[in-house]
Structure formats: structure tokens, C-alpha cells
Amino acid sequence: MTAKPDFEKGQGLVTTVITDARTKAVLMVAWMNAESYQQTLTSGETWFWSRSRQALWHKGATSGNRQTVVSIKLDCDNDTLLIAVNPAGPACHTGHTSCFFQTIQDKRG
């Protein structure tokens, strides 16, 4: 049996964490619905569902910063995807490599 995301659990959406396949850095978190998930599987590039625009979007379609899928993993509850990509530019719309560039706390020294 092949595992599949449980879109019904999240009212049609699953949380999707995007990481850089080479560096392992978390690049972004977005939402996928069944259609964007299928588009991602078919195209080999990331597609998401925009909750604010209520529309499907292909990452990098306007910016050129596309994400080529390397691997897709599903968590144990079938409601979160972890997708490793080879990014062609920054993941964040601000131009940062990752959407996680704002440090709130860092106790590493």
C-alpha cells in the first residue's frame, strides 16, 4: 500500500515543509491541496495552494525561482509533507534564501 496525504484531515490542505536537498536547510512552509500535490508529482516542481488568494500557484512561475523536487516524504499521521528540492534561487518572496531569516532566540553561544 502506498501512503497518501490525508487532505480531509486539514479541510482539504496539508502542511508542506520545503527543504534544500543539498544543505538540509528549511526553506519555506506552505500548503498543498490534492490538485497542487498532483501537479507537484506530475511536473517534478513544487506547486502549492495559496490560502490568501484561494488559488493554485507554481513556485517560481513569476520569479524564476523554481524548486525541482528531489524527494517527498509523508509524516506518520499522513497530514504533513516534507519535500526536499534543488532550488533555483531564493525561496522567500523577500529575496532571502529561506523564509526563516528572522531570529527570535538563539542560545547556541
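How much space lies in the largest pocket? In this predicted model, the largest pocket holds about 410 Å³. Pockets were defined on a 1 Å grid over the protein atoms alone, as open sets of points where a 1.4 Å probe fits, with protein on both sides within 12 Å along at least five of seven lines; the volume is the space filled by probe spheres set on the points, which are joined across faces, edges and corners. Nineteen residues line the largest pocket, and Met 28, Trp 57, Lys 59, Ala 91 and His 93 are the closest to its centre; a lining residue has an atom within 4 Å of a point. Two or more lining residues come from each of strands E2 (26–32), E3 and E4, with E2 giving the most, four residues. Helices (H or I, at least four residues) and strands (E, at least two) are DSSP runs, numbered from the N terminus.

The model is predicted, so that local features need pLDDT of at least 70 and side-chain atom pairs count only at pLDDT 80 or more, whereas totals for chains, interfaces and linings use all residues. Residues are numbered from 1 along each chain as its sequence is written, and side-chain values use heavy atoms, with hydrogens and water left out.

Strand E3 (residues 47–50) is covered on both faces, with Trp 47 and Trp 49 buried on one side and Phe 48 and Ser 50 buried on the other. Buried denotes under 20% relative accessible area, exposed over 50%, and partly exposed the range in between (1.4 Å probe, protein chains only). E3 runs antiparallel to strand E4 (residues 55–58), to which four bridges join it; two strands pair if DSSP finds at least two bridges between them. Phe 48 has Trp 57 of E4 as its bridge partner.

The hairpin of E3 and E4 has four residues between the strands. In this loop, Gln 54 has a positive phi near 55° although it is not glycine, and Gln 54 is exposed, with a relative accessible area of 54%. Lys 24, also not a glycine, has a positive phi of about 75°. Lys 24 is placed in the loop between strand E1 (14–20) and E2, and is exposed at a relative accessible area of 60%.

In helix H1 (residues 34–43), the buried residues are Ser 36, Tyr 37 and Thr 40. These residues lie on the same side of H1 because they cover an arc of only 105° around the axis, taken from the directions from the helix axis to the C-beta atoms. The buried residues of H1 pack against E2, E3, E4, strand E5 (67–74) and strand E6 (80–87), contact being heavy atoms within 4.5 Å.
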